[in-house]
Amino acid sequence: MTTTSAPAPLAADRRAAPAHLAVLAAACAVLAVSVLVATGIGPVGVPAGQVAAILADRLTGGGGTPGTADLVVWRFRFPRVLLGAVVGAGLALAGAVVQGVVRNPVADPHLLGLSSGASVGAVLALTSGGALLGVVTVPAAAFLGAAVAMVLVLALARHRGRLHPLRLVLVGVACAHLFSGVTSYLLARTNNAAAQQQIVFWLLGGLSGTQWSALPVPAAVVLGTCAVLVARARRLNVLVLGDDACAALGVHAPRLRRWLLVLATLLTGTAVAVSGGIGFVGLVVGHVARMVVGADHRRVLPLAAVLGAVFLVWADVLARVLIAPAELPIGVVTAFLGVPLFLLVVRGRGHRLGGDA
Amino acid sequence: MSLVVDGVSLSVGGRRVLHDVSLTVADGAFAALVGPNGSGKSSLLRTVFRARRPETGRVLVDGADVWRLTAGRAARLTGVLLQEQHDGFEFTVEETVAQGRTPHLSGFDRLDREDRLVVAEVLDRTGLAPLAARPLAELSGGERQRVLLARALAQRPRLLVLDEPTNHLDVRHQLEFLELVRGLGVTVVAALHGLELAAAYADTVVVLDGGRVTASGTPRDVLTQDVLRSTFGVDSAVDVDATGRPRLALRPLCACPVRECHWSCVRRGARAPAGGAGV
């Protein structure tokens, strides 16, 4: 090949990249503002300006001005809002990944039984009263449940060494129902009313009582996974084109699918472990991100993460103000907020359900 | 580079679709796979580009057994134009062509200087440069097919595999497409439905029927009245044009006007052995 001219930036990159970067930057700005405002909302209201001042002081190494506002913002609200953002980002990423893996825009970690597997683990820990590992018992059990669910679904969905998206969905849906049945059974069997209430609240998810110590692990998992996924986004784009296209373009489809599912399980397990079974984020946000920036996972994944964070920050605000001083489970809010939003979006765009997928 | 298929057998869903298939395509040659629907053309191509692992036999591209290579290494040797693509219409022409660089990308999946050069050069060569920023959804069938060819070329393959590349193209675009492919100077193996196209463009014609190779050789040796009758169930008049290539005029084996008569005739014709009296 003899091409002498210097490699010009590709035309599509030149044109499209700024627009999509602008969308992502705008979403990040919305997230930053949301975090500030949301941190101020609650029984003790703190104006966003004061929140910003307190955070600026704390983050620059200040000891904080003694007072209720500082305590409320720094000790209780800010870590909770941040964890909400992290969990939302993680669930949205997991949703977008699963949608790509099964080539179906209406998929999410629930569809593959990952979330319900995590619930089984957590409920087992709660009902057996096992304080084996102290406070980490429930999160660890939830994570383990998600992992077991993924291994089970993968093993059952494999057919002659191949992993087909449709079979994966069928097996996942079946296993999800099985896990829900197990959870219900455990719930019915326990006659400890306090444990029952704890379980129900946990199943619907919540961020109350979040402390700073809960933050580092999920944040590291979500950021790390996001980076790995974005670096693999071109291959994810090829995966969506089908197994023949993967073979043609040198992408080992079964291996890539397995790895992506491991990452989705890591994200789901981590999110469920710290916040319980929050539904609907992966489905709604992944879908909305696709509608905004198209099919390219290089754009979909980062945007889904940011939008998921915004969505859950506000869902958590509603959860703590709607019936204050009591709190709603956040899963109830994501359903009440997410479903109408989703239906609005789906009805507003006469959209296509992913060809043959 | 040369392609050697050596004793390949394949079953799909418990049904054997390829029986001990062997063929050789010389360096730089254009080989056409022809055969009726379900004869195993696509299955054979799938064993070549590693979408289906053959139960027995080997596929050698440039002397290397493709099933012993990694997926990425094999895709750097072999570029593929798939029969149909249902997804990915939101991507632009340029993004789609850049997908062809996937097997060449390093760890972080970024296009480097060479990747960009290759994409630009391929867009130029296939006449797609003016359409580069358009999404696939806005293109005609002929243009889209050219984009998928360009994607395969961006792999910088030594062997080009084409599965029914002229399906859904009108006659002008069929001819333009095959002219473009012929001019590339790479080894080509293409499943073709159009026998006239195979006669006009191929160096070698391989006839598949029921998963077996029933004839192979130059178009002139293979595309004969007997083969066309026994394999495809059509009657034909074959003569030779000025360049020595066969020219086919095809017509149905049965021309009974009454439906019952027609179908019984078709059944007999389809079963008739080569050269046998089927009419």
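Modeller: Accessible areas come from the Shrake-Rupley method with a 1.4 Å probe; for residues, only the protein chains shown count as cover. By that method, chain B exposes about 12,200 Å². Carbon and sulfur atoms supply 49% of that area. This is a predicted model: local features need pLDDT of at least 70, side-chain atom pairs need pLDDT 80 or more, and totals for chains, interfaces and linings use all residues. Residues are numbered from 1 along each chain as its sequence is written, chains are lettered from A and ligands numbered from 1 in written order, and side-chain values use heavy atoms, with hydrogens and water left out.

Colleague: What makes up the secondary structure of chain B?

Modeller: Chain B has 10 helices and 12 strands. Both are DSSP runs, numbered from the N terminus: helices are H or I with at least four residues, strands are E with at least two.

Colleague: How do you know which share of the contacts in chain B is between residues 24 or more positions apart?

Modeller: A contact means heavy atoms within 4.5 Å. Take the contacts in chain B with a separation of 6 or more: residues 24 or more positions apart account for 62% of them.

Colleague: Why is Arg229(B) called buried?

Modeller: Buried means under 20% relative accessible area, exposed means over 50%, and partly exposed lies in between (1.4 Å probe, protein chains only). Arg229(B) has 18% relative accessibility, so it counts as buried. Across chain B, buried residues make up 52% of the 279 residues.

Colleague: What makes Arg229(B) and Asp235(B) a salt bridge?

Modeller: The rule asks for a side-chain nitrogen of Lys or Arg within 4 Å of a carboxyl oxygen of Asp or Glu. Here the closest N and O atoms are 3.9 Å apart, so the pair passes. Asp235(B) is buried too, at 16% relative accessible area.

Colleague: Which other arginine meets Asp235(B)?

Modeller: Arg251(B), at 3.7 Å from N to O. That pair links distant parts of the chain: Arg251(B) lies in β12(B) (residues 246-252) and Asp235(B) in β11(B) (residues 234-240), 16 residues apart. Arg251(B) has a relative accessible area of 44%, so it is called partly exposed.

Colleague: How do you know that Asp239(B) and Arg247(B) form a salt bridge?

Modeller: Their closest N and O atoms are 3.4 Å apart. Asp239(B), at 38% relative accessible area, is partly exposed. Arg247(B), at 47%, is partly exposed as well. In chain A, salt bridges that share partners join Arg80(A), Asp316(A), Arg320(A) and Glu327(A) into one network. The whole structure holds 21 salt bridges over all chains.

Colleague: What makes β1(B) and β4(B) a strand pair?

Modeller: Two strands pair if DSSP finds at least two bridges between them. β1(B) (residues 3-12) and β4(B) (residues 56-61) have five, in the antiparallel sense. Ser9(B) stands opposite Thr56(B), and Val5(B) has Val59(B) as its bridge partner.

Colleague: How many bridges join β1(B) to β2(B)?

Modeller: Seven, antiparallel, with β2(B) spanning residues 15-25.

Colleague: How many bridges join β4(B) to β5(B)?

Modeller: Two, with β5(B) covering residues 64-65 and the strands running antiparallel. Leu60(B) stands opposite Asp65(B). In this hairpin, also with two residues between the strands, Asp62(B) takes a positive phi near 55 degrees.

Colleague: Why is helix α9(A) called mostly covered?

Modeller: Seven of its eight residues, within 233-240, are buried. Among them are Ala233(A), Arg235(A), Leu236(A) and Val238(A). Their cover includes α8 (216-231) and α11 (253-275) of chain A, together with α3 (93-99) of chain B. Gly242(A) follows the helix, with a positive phi near 110 degrees.

Colleague: Why is Cys246(A) called buried?

Modeller: Its relative accessibility is 0%, so it counts as buried. Cys175(A), at 6%, also counts as buried.
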